[in-house]
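The text begins with a sheet and then turns to packed helices.

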Amino acid sequence: MPSETPSAGWRFWIDRGGTFTDVVARAPDGRVRALKLLSEDPGRYRDAAVEGVRRLLGLSQGAPIPGHLIHSVRMGTTVATNALLERTGERTALVITRGFRDALRIGYQNRPHLFARKIELPEALHERVIEVDERVTPEGEVLRPPDLHTLASELRHAYADGIRALAVVCMHSALHPGHERAIGRLATSLGFTQVSLSSDVGPLTRLVLRGDTAVVDAYLSPGLRRYVRDVSQELSGARLLFMQSNGGLAAADHFRGTNAVLSGPAGGIVGMARLSQQAGHDRVIGFNMTLTSSHGRSGGPVQHHPLPRPNGRADRPSLPGLSLEAPLCRPAFPRTACPTNNGESGRPRQAADTGLRHNHDGVLAPGRPARGCRRRPDREEDPMMRVQPQENTVTTLVAEAAMAPSMHNAQPWRFHFVTAERLLRIRADTDRAMPRSDPGDRALHIGCGAALFNLRVSAVHAFLEPHTALLPDPRDPSLLAVVRLTDPADPAGTPSDRELRRLHPAITRRRTSRQPFSDKDVPENDRASLREAAAQEDAVLLFPDRWHVETLIDLVRDAECRDLVDPEVGEDMTRWTRLGSEADSAPDGVPEYAFGPRRRDGKAPVRDFAGRRPVPNRGSAVFERTPLLALLSTRGDGPADWLRAGQALERVLLEATLAGLSTSLTSHPLEHRELRLLARDPISGVGHVQMVLRLGYGPDVPATPRRPVHEVLTID
């Protein structure tokens with residue numbers, strides 16, 4: 001076999017059907033090879049797709065696959081389709097607003113056969129309905145907060161009966177998702193392994209479509225996730241992408257039930273469109289027939305499982321811009337402007353127009369053609385499809401960037417993507433500044449720097465190369481950074497890219513914990529990893545001696561006393577804390593469930609966000625007597641240094657998360673200039689202290705809310 005390098009490795013295209021699996025490969029020398037296998041042959045191999053890759057690479061049966069030899073693997077699969085046909089999905093329960101238990105069953109009263117005397121309704125995918133007493137108006141007024149106590153009892157019964165998947169559907173949650181999030185946290189804490197919130201999966205304003213989408217996601221995602229996990233483990237190190245129902249591609253860890261129902265047929269349509277274009281045909285009709293199912297212009301294997309589509313009919317998932325009878329100058333570009341009938345560019349479709357939340361988290365679609373839908377003939381492309389960053393890819397990057405911590409969870413950032421330049425601008429949202437608590441906007445810059453680091457990690461994970469410039473325009477101080485997204489020269493990535501990609505799973509797992517930590521010591525090798533993480537972002541992380549830890553604790557107490565007599569600081573706390581029903585509906589700030597218990601004893605420097613306000617059922621606890629603290633410092637102390645500090649901070653926090661550590665932050669003594677000077681370690685005298693971190697081993701805590709992406713991202 002010819003020698004391969006990571007940048008010129010094998011490329012695989014796989015169609016895994018219910019009966020046969022077809023594998024097409026292009027070797028580094030340009031040779032194209034093909035192979036057909038039975039999709040199920042347990043006596044010879046565990047998975048046909050993996051076995052096809054192994055055979056075409058010339059490996060022996062069962063031999064490990066060297067991922068560094070593979071440029072990419074792109075797969076369409078009928079795993080989700082067959083699970084619908086054969087009813088082999090996960091046992092699922094539906095949690096819905098009280099009074100609407102039959103809403104999905106009733107549906108829209110569609111009558112495909114108008115004069116049929118016997119109407120046969122499809123069997124529901126969920127086996128149980130659990131009503132929750134809650135209600136919020138379309139304007140966001142909470143009429144009844146969710147009765148979580150009663151719901152918990154019913155969920156425990158469902159769990160005891162073996163149900164592990166939940167679809168959660170609340171009235172008006174597309175606009176106000178707080179109640180669904182509270183229910184989701186409860187379900188996760190009770191052990192449910194799949195919780196599909198309709199506000200996340202398909203945030204449509206119509207209850208039935210949104211609910212159907214959530215149920216399908218809960219029913220299919222667990223099995224699909226197991227299959228993707230098994231394939232990913234076999235192809236470890238390879239770039240694995242899956243075809244979605246919309247004709248675009250998704251990274252393996254972003255492939256979910258709602259965008260997999262027509263994964264196999266969509267790949268056929270993309271191939272049909274491409275080959276027909278090459279043959280000079282601009283209008284064709286495709287028919288896909290297999291031993292399991294067939295697909296024509298109307299109907300298909302999932303026509304009795306309602307899912308949204310652009311024209312409002314609820315008979316099957318949509319393929320936006322690639323209908324089964326469509327002009328071939330309109331390939332699938334989800335949520336991008338497509339030419340209208342009069343030849344003018346139409347507005348981008350919204351979620352309610354494009355059907356499934358098919359581009360949720362990580363969709364990569366084919367490159368956008370020039371106006372008039374004609375591709376430049378001299379443009380160099382992959383023989384099958386070239387992956388380009390599109391609107392929904394950018395949406396995913398920003399959603400993960402916004403998972404970063406910020407002072408009082410104010411989330412003081414805005415993002416602006418210029419599509420033509422592939423340029424993402426990060427701006428300070430000065431409406432969320434805190435003139436009293438953060439008069440110089442130092443904490444604002446640190447928060448935005450942390451978001452910038454998450455963006456870098458997310459981009460590398462999506463196989464994009466982020467090129468970052470800090471404070472690019474001195475005349476525009478609110479423009480904090482610009483990031484240009486390019487295709488990497490080496491798909492395998494540089495060593496630094498691989499390091500960033502390793503941190504990606506921690507973005508959604510990282511939490512700020514105000515709970516007590518155990519007395520277990522953090523090993524020195526973990527401390528060394530955290531110091532190295534800060535150093536890679538041009539910062540210093542120092543673990544001070546015990547006597548200086550006592551000094552820091554005294555500084556925190558001093559800051560607390562100063563705040564008690566400063567009413568303006570109290571106003572900041574009141575503005576950014578969420579009590580009562582607001583804790584479950586607000587998209588920002590620190591909710592009461594994240595306050596943690598009151599400190600009954602101990603010395604851990606944890607800010608009490610409740611202040612003197614009572615919080616029902618909060619309780620108290622004993623915290624650490626000798627907390628492990630760390631100081632994050634930079635050489636300089638200007639806006640660029642603060643942005644670097646934010647990136648270093650987030651890198652340290654993600655590294656700590658992967659190491660199983662709990663963390664919390666305090667900037668309390670740093671908000672007073674004279675106290676901040678005393679926070680510097682007098683022995684090392686290293687730089688300017690930007691943050692005090694507390695680390696240890698503590699219980700899992702829920703995530704704090706985040707603003708919807710559409711509020712922080714604009715795209716031109």
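**A sheet and its helices**

In this predicted model, four strands make up an open sheet, arranged in the order S23-S28-S30-S29 with antiparallel pairing. Strand S23 (540-542) and strand S29 (662-666) lie at the edges; each has a single partner strand, so one side of each is left without a neighbour in the sheet. From one strand to the next, the twist averages 30 degrees.

In general, the strands of a sheet pair through backbone hydrogen bonds, in either a parallel or an antiparallel manner. The pairing of S23 with strand S28 (residues 628-634) is antiparallel and extends over three bridges. Within this pair, Leu541 is found opposite Leu632 of S28. Helix H17 (residues 639-658) packs on the sheet, where it touches S23, S28, S29 and strand S30 (688-696). The direction of H17 makes about 10 degrees with that of S30.

The next part of the description concerns helices that pack against each other. Two packed helices are described by the angle between their axes and by the distance between the axes. Which residues of helix H10 are buried? Helix H10 (residues 391-401) is mostly covered, with ten of its eleven residues buried. They are Glu391, Asn392, Thr393, Val394, Thr395, Thr396, Leu397, Val398, Glu400 and Ala401.

The axes of H10 and H11 come within 7 Å and cross at roughly 135 degrees. Because angles of 65 to 115 degrees count as roughly perpendicular and those over 145 as roughly antiparallel, H10 is oblique to H11. The crossing of H10 past H11 is right-handed. On the side of H10, the contact is made by Thr396, Leu397, Val398, Glu400 and Ala401, and on the side of H11 by Ala451, Asn454, Leu455, Ser458 and Ala459. The residues of this contact between H10 and H11 comprise six nonpolar, three polar and one charged.

Helix H11 (residues 442-461) also has a crossing with helix H12 (residues 495-503): their axes come within 8 Å and cross at roughly 105 degrees. This angle makes H11 roughly perpendicular to H12. In the contact, Phe453, Arg456, Val457, Val460 and His461 of H11 meet Asp497, Leu500, Arg501 and Leu503 of H12. The residues of the contact of H11 with H12 are five nonpolar, one polar and three charged.

Methods. Residues are numbered from 1 along each chain as its sequence is written. This is a predicted model: local features need pLDDT of at least 70, side-chain atom pairs count only at pLDDT 80 or more; totals for chains, interfaces and linings use all residues. Side-chain values use heavy atoms; hydrogens and water are left out. Two strands pair if DSSP finds at least two bridges between them. Helices (H or I, at least four residues) and strands (E, at least two) are DSSP runs, numbered from the N terminus. Axes are lines fitted to C-alpha atoms, for helices over the stretch in contact, and angles run from 0 to 180 degrees between N-to-C directions. Contact means heavy atoms within 4.5 Å. Angles under 35 degrees count as roughly parallel, over 145 as roughly antiparallel, 65 to 115 as roughly perpendicular and the rest as oblique. Ala, Val, Leu, Ile, Met, Phe, Trp, Tyr, Cys and Pro count as nonpolar, Asp, Glu, Lys and Arg as charged, and the others, Gly among them, as polar. Buried means under 20% relative accessible area, exposed over 50%, partly exposed in between (1.4 Å probe, protein chains only). A crossing is left-handed if the near helix is turned anticlockwise from the far one by less than a right angle, and right-handed if clockwise.
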